[in-house]
Structures are given as structure tokens and as C-alpha cells.
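Let's take a walk through a protein model together, one piece at a time. Keep the picture open beside you as you read.

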Amino acid sequence: MISEAGAMQRAVALSKRGYPAPNPHVGCVIVKDGAIVGEGYHNHAGGPHAEVAALRAAGPRAAGASVYVTMEPCNHHGRTPPCSEALLAAGVAKVSYAVSDPNPVAGGGAEALRAAGIAVSHGLLANEAEAANEMWLTAVRRRRPYVVAKAAASLDAKAALPTGESKWITGESARRRGHVLRAECGAVMVGRRTVLADEPLLTARIPRVPNQPTRIILDRNGQLSPDHRVFDNSAPSLRVVGPGAKHEGMLVPMKGDGFDLPALLDRLYGEGFTSILVEGGPTTLGAFFAAGLVDRLHLFVAPKVLGDGIDWVRGMHVATLAQAPEFKLLQVRRHGPDLELILSPRG
């Protein structure tokens, strides 16, 4: 017989699956007579929500059952109908959710369920559910995308040789992890120089990714040719340009020599982006660090020394050590010969 905490723990574990960006990570478990009769998770944007997937698995056994879901059931018509209506139609007796939905458009599911006579409770394993859905919850509460910075560097902090050669600093396992980060964020951003130097595709070339991440290209003057691979039909692309650009794109104001990054993030959030992987190059990464807009850093370190190469972050002016952005180490992962350092801003 499974306990309430055990059911919600299972829902949290399920919520970590799939690549639902820009939507939230949500898991759901349905229990009847002490046994799990259905479970599911939100796999991808446009697909069934966790509650609907679990209800389909449970079938008629959902009637009179208890539902444990990591986030408050939605109460609006988006790409899919409201989960609150699906739960009511299934005849469930009780709904326990871990975290309230901070989205004013989709929230209200708990109130709708209570009004229909369903027993509703919340807060069970809230911390665990929050951690599993950190990027989306943070983005919606702050109303700007969660920014993940990613870089690959040598032991002496170089991203490339003086010639610009950088393929490949890290090994295949570390690069595969980078593809996972692209899928998790649902959007990947690079600057114009990275496109010219590396001709990247910027897709998530790993199994079970229904929706490829949107490729966001910072091209101030609109100089890049549409023939570059980042503009092909293998994934959505969005060119960001400044005033007077040669090619059309999403117009963002400039600030000094670069884009007004808070304005850029505001525009992107308005377009539905909740998390973005900033892959580079060094100048783009430096701009985000200088603006204090990096929420998490994934630094892949290879056991190589490149000497007089190109630093992995550039363009930051730090006058004193007291002004230097400081990060705390959250986790270290090993990928073959390479290390992945996962860090967040301190303070």
C-alpha cells in the first residue's frame, strides 16, 4: 500500500522526465485502494498534460480515486483543454497538488475543483516539486526567461585555439549532455560570430525530443546569410536584430555596443520562452555575466591545455575582486575524461 508521501514522491520523479519546455515539468499519480492505478507526466509542449496522461492510464479506475500531482491542475484552454475539467469528468474524489500555479492565465484549477465538491489539498513535498520545476517556476514568477549559460573550456580556460578551432574540446559524452541541455531549455542562443566560426546546427540530436529547441541568433546588423545552417528547416529559428538591420528579425533596442539584454529577455518572455540556453560565443556569454542575468552555469572542462587561445568568456570589465561575479558549486558530473561543473550565482 502506497502512502500519500510515496505517491507524491513518485509524481515528482515522473515530472523530471520529458522535454516540456516552454511548459512546466509536471508529474501525476492516481491511487485507489492504496495502489497506483495510473500515472503520467507532461512529455512535450502540445502533448497531453500529466493529469490527462495519468487519467488515460487509469481508465475507469480513476472514479473515486485520489490524485497526486506536482503542480496545481490548469484551468484554461491552451493547446489542450483544462486539466481541472478532465479530473471532474473522470469522477476523482481527491486532488493533492504540491505547488500552486503562479501563471495567472492558467491558475485557478484548485478553486474550480473545490467548487465542484472535490477534496483539494496542497503543499505535500512542495520543496521537491519546486526543485524539479525550477526553471519554469522562476521564469513565470519573475516574468523573464530562466538563463542557463553553457561553455566548454580547457584546463587553462580557453574555448578555442588562436585560430578559432574549437571542434572538439570536449568528448562525445559531454557534447551529448549539451544536447540534453538544449532540449531541456527549449531554446538555444548564440551570437553572429559563433555562427560564422562554427557553422553550428544547434539542434538537440538525442532520442525522444518531439520539439526541437528554437535557435535564437543575435545578429545586430542582420548580416548573416539565410543559407547558414541555423536558418534551415531542421528546427525553428529566430533572428534578433537592431535598428537598421539588413535582414528582418525580432527588433530589440541596443545598449552601448550590444543588445539591451533585459529588453531582449522581456521580448522573448512575451513570445512564450521560459528558459534559454546561452551557448556563446565568449562575447555573448560575457555580456550576460556582466548584466547579472545568468541563473545557472554549466561549464564543461576538458583535460587539455590550449595555451594562447581564446578565453571562454570575454568583454567583461571587472575593476576589483569585490566586483567579480561569484558563483557557488552545486554539482560536479563526469562525462568520460571531461567534467561538468554546475554552478549558480552566489547571493
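Two strands pair if DSSP finds at least two bridges between them. Helices (H or I, at least four residues) and strands (E, at least two) are DSSP runs, numbered from the N terminus. This is a predicted model, in which local features need pLDDT of at least 70 and side-chain atom pairs count only at pLDDT 80 or more, while totals for chains, interfaces and linings use all residues. Residues are numbered from 1 along each chain as its sequence is written, and side-chain values use heavy atoms, with hydrogens and water left out.

Start with the sheet. Five strands form an open sheet with mixed pairing, in the order S2-S1-S3-S4-S5. At its edges are strand S2 (35-41) and strand S5 (119-122), each of which pairs on one side only. On average, neighbouring strands of this sheet are turned by 15° against each other, direction ignored; axes here are lines fitted to C-alpha atoms, for helices over the stretch in contact, and angles run from 0 to 180 degrees between N-to-C directions. Strand S4 (residues 94-99) pairs with S5 in the parallel sense, over four bridges. Within this pair, Lys 94 stands opposite Ala 119 in S5.

Now look at the helices. Helix H1 (residues 4-15) has buried residues Ala 7, Met 8, Ala 11, Val 12, Leu 14 and Ser 15, where buried means under 20% relative accessible area, exposed over 50%, and partly exposed in between (1.4 Å probe, protein chains only). Seen down the axis of H1, these buried residues fall within an arc of 160°, so they line one face of the helix; the arc is that of the directions from the helix axis to the C-beta atoms. They pack against S1, S2, S3, S4 and helix H5 (126-132), and contact means heavy atoms within 4.5 Å.

In helix H3 (residues 83-90), the buried residues are Cys 83, Ser 84 and Leu 87. They cover an arc of only 105° around the axis, which puts them on the same side of H3. Their packing partners are H2, S3, S4 and helix H4 (109-115). Just after H3, Gly 91 takes a positive phi of about 75°.

Finally, find Arg 144 in the loop between helix H6 (134-142) and strand S6 (146-153). Is Arg 144 buried or exposed? Arg 144 counts as buried because its relative accessibility is 15%. Its side chain makes a polar contact (a pair of N or O atoms within 3.5 Å; within protein, one must be able to donate a hydrogen and the other to accept it, and residues adjacent in sequence count only if both atoms are side-chain atoms) with the side chain of Asp 295, at 3.1 Å.
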